[in-house]
Amino acid sequence: MASDLASLLSGSAEDVAPRLLGAVLTRELNGETVRVKIVETEAYDQTDVASHSYRGETERTKVMFGPAGYLYVYFTYGMHYCCNVVTGPAGHGAAVLIRAVEPIEGEALLQINRKATGVNTTNGPAKLCQALGIHKHLNGHDLRRLPLRLELGDSITQESIMQTTRIGIAKGVDVPWRFYIRGNSWVSKV
């Protein structure tokens with residue numbers, strides 16, 4: 001992994017989550033290239049009751065235990081996929097949920113995949129996975145490689161980052177590990 005990307009992902013999920021804002025995901029899909037900017041994230045760590053890794057490593061969560069830079073994909077509510085970037089050292093279960101992305105290139109393909117338009121195309125973790133064609137087959141995927149590659153994007157200033165409690169969970173609801181770009185219309189919920 002390029003040293004700058006490795007450096008970005010080597011810290012705790014709580015530290016990496018705001019640093020992923022502005023990073024770019026490049027996806028090769030149906031012979032086309034789609035690029036999106038990460039605009040909202042949430043951190044999850046094995047010490048956190050809301051994390052899948054809280055009860056230790058299982059067949060489902062083994063990807064979360066590293067090394068950093070791989071994709072952890074899970075199925076939820078019996079109908080949706082969500083994706084996370086694994087962070088921190090190998091052996092420690094931590095990842096950052098990608099909650100929302102803003103299209104940079106290939107928005108028309110994203111809209112076709114989602115059967116939606118505008119911000120509703122990628123303003124939620126399950127929506128963006130559907131739009132980008134992210135399914136269980138990408139669980140454990142090395143994000144240094146296509147068909148889904150993570151790249152550093154424009155840095156986001158601290159003043160432009162909002163930090164709040166996470167949403168859509170039942171445990172650990174008071175933990176302020178949700179981060180998003182202030183004023184970005186593609187964020188799932190302000």
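Tyr-81 counts as partly exposed, since its relative accessibility is 22% and buried would mean under 20%. Keep in mind that this is a predicted model.

A search of the whole structure turns up 2 aromatic pairs. One brings together Tyr-72 and Tyr-74: the ring centres sit 5.6 Å apart and the planes meet at 35°, so this pair is tilted. Tyr-72 is buried, at 1% relative accessibility, and Tyr-74 is buried too, with a relative accessible area of 12%. Tyr-81 belongs to a tilted pair with Phe-75, at 4.7 Å centre to centre and 50° between the planes. Phe-75 itself is partly exposed, with a relative accessible area of 39%.

Together with Tyr-77 and Met-79, Phe-75 makes a nonpolar patch of about 390 Å². Met-79 sits in the loop between strand S3 (71–76) and strand S4 (80–86). With a relative accessible area of 55%, Met-79 is exposed, because the mark for that is over 50%.

Now for the charged side chains. Side chains of opposite charge can pair when their charged atoms come close.

| Salt bridge | Distance, N to O |
|---|---|
| Glu-42 and Arg-99 | 3.8 Å |
| Arg-144 and Asp-142 | 2.5 Å |
| Glu-151 and Arg-149 | 2.7 Å |

The bridge between Glu-42 and Arg-99 links distant parts of the chain: Glu-42 is in strand S2 (residues 32–45) and Arg-99 is in strand S5 (residues 94–105), 57 residues apart. Both of these residues, Glu-42 and Arg-99, are buried. In the Glu-151 and Arg-149 bridge, Glu-151 is partly exposed at 22% relative accessibility, and Arg-149 is partly exposed at 27%. Elsewhere, salt bridges with shared partners tie Glu-40, Glu-42, Arg-99 and Arg-178 into one network.

Where is Asp-142 placed? Look in the loop between helix H4 (125–132) and strand S6 (148–151). Is Asp-142 buried or exposed? Asp-142 counts as buried, because its relative accessibility is 9% and the cut-off is under 20%. The side chain of Asp-142 makes a polar contact of 2.5 Å with that of Arg-144, and another of 2.4 Å with that of Arg-145. Setting aside neighbours within four places in sequence, Asp-142 is in contact with Gly-69, Tyr-70 and Leu-148.

Definitions and conventions. Residues numbered from 1 in each chain as written. Predicted model: local features only at pLDDT ≥ 70, side-chain atom pairs only at ≥ 80, totals over all residues. Heavy atoms only, no water. Helix = DSSP H or I, 4+ residues; strand = E, 2+ residues; numbered from the N terminus. Buried < 20%, exposed > 50% of the residue type's maximum accessible area, 1.4 Å probe, protein only. Polar contact = N/O pair within 3.5 Å; in protein donor to acceptor, adjacent residues only side chain to side chain. Contact = heavy atoms within 4.5 Å. Patch = residues over 30% accessible without salt bridge, like charges linked within 9 Å, V, L, I, M, F, W, Y side chains within 5 Å. Areas by Shrake-Rupley, 256 points an atom, 1.4 Å probe, with all protein chains shown as cover. Salt bridge = Lys/Arg side-chain N within 4 Å of Asp/Glu carboxyl O. Phe/Tyr/Trp six-rings, centres within 6.5 Å; stacked < 30°, edge-to-face > 60°.
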